[in-house]
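Subject: Structure for you to look at

Hello,

Here is the structure I said I would pass on. Please open it next to this email; my notes come after it.

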Amino acid sequence: MNDTPAPPRKRLFIALMGVTCIIIVGLIYLMWWIPTRGLANIHPNLPHIVGILTGILSGLALCGTALLVLTTALGKDILFTRFMRLVVIKFLLPVIEAMGKLLGISKDTIRQSFIAMNNSLVQSQRLLVPADRILILLPHCLQLFDCEIKVTGDINKCVRCGRCDIMGLAELARKYQVDISVATGGTLARKVIIEKRPKLVVAVACERDLTSGIKDCYPLPVIGVLNDRPFGPCFNTRVDTEKIDAAIASVLTYA
């Protein structure tokens, strides 16, 4: 069974984000329009005051969406990128997942787009992180299922046989002198992050686990790399080490 995800695209998340913004603006307008006749009975100027507040809220929603699109398109930290990540992760993602369900778009497709959007926002901040504050976090399913040497907790146990991607990832960590850990699940992953206290995480996982990890780790920046699943989920998965190499190289500072 081939379960390799398609390359993630930000365009879907951006498009759904725009639709969400329009719906929010429409709801804000309705919240003003419906009670306006009753408001006039309380005070003749009250509908105008509520209308101004409605306009301000609508403007903030439209400007925020435009700012997110520009930040993603230009790859530059224009304004409030960290706060915008909070809005995307905590508010927009669940709303967009619900909208995708109504439109018949799978959760994994939306999550792929969200991960690409998150990566773009993280990289737009142009972070510079020393090697000892970067953590590569891997799922245990990257190791061959029948390997007798389990590397969970200590990747240095790997004998470098080359049958799975663990060898290349261990060599990559040695090349950059960054921490690398293999976790069996979300609980252990959070424990590793608490113990290591990194400033940036490069995480490998499936759509569900990456999305959950990005949400749980905020405000810690996470660059997500989707794994390939040629034999199905959670079994002998693969990952493109060049993507991880590029992610580390983009943030690493030797200062």
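This is a predicted model: local features need pLDDT of at least 70, side-chain atom pairs count only at pLDDT 80 or more; totals for chains, interfaces and linings use all residues.

The largest pocket holds about 550 Å³ of space. It is lined by 31 residues, and those closest to its centre are Gly185, Gly186, Ala189, Ala205 and Asp209. Two or more lining residues come from each of β2 (134-139), α7 (186-196), β4 (200-205) and α8 (207-217). Of these, α8 gives the most, with eight residues. Sorted by class, the lining has 19 nonpolar, seven polar and five charged residues.

The aromatic rings

The count of aromatic pairs comes to three. One of the pairs is Phe145 with Phe235, which is tilted, at 5.3 Å centre to centre and 45° between the planes. This pair links distant parts of the chain, as the two residues are 90 residues apart. Phe145 sits in the loop between β2 and α6 (166-176), and Phe235 in the loop between β5 (222-226) and α9 (241-251).

Phe235 also pairs with Phe231; here the rings are edge-to-face, 6.5 Å centre to centre with 90° between the planes.

Phe235 has a relative accessible area of 34%, so it is partly exposed.

Regards

Conventions. Residues are numbered from 1 along each chain as its sequence is written. Side-chain values use heavy atoms; hydrogens and water are left out. On a 1 Å grid over the protein atoms alone, a cavity is a set of points where a 1.4 Å probe fits but cannot get out, and a pocket is an open set with protein on both sides within 12 Å along at least five of seven lines; lining residues have an atom within 4 Å of a point. Grid points are joined across faces, edges and corners, and a volume is the space filled by probe spheres set on the points. Helices (H or I, at least four residues) and strands (E, at least two) are DSSP runs, numbered from the N terminus. Ala, Val, Leu, Ile, Met, Phe, Trp, Tyr, Cys and Pro count as nonpolar, Asp, Glu, Lys and Arg as charged, and the others, Gly among them, as polar. Rings of Phe, Tyr and Trp (its six-membered ring) pair if their centres lie within 6.5 Å; planes under 30 degrees apart count as stacked, over 60 as edge-to-face and the rest as tilted. Buried means under 20% relative accessible area, exposed over 50%, partly exposed in between (1.4 Å probe, protein chains only).
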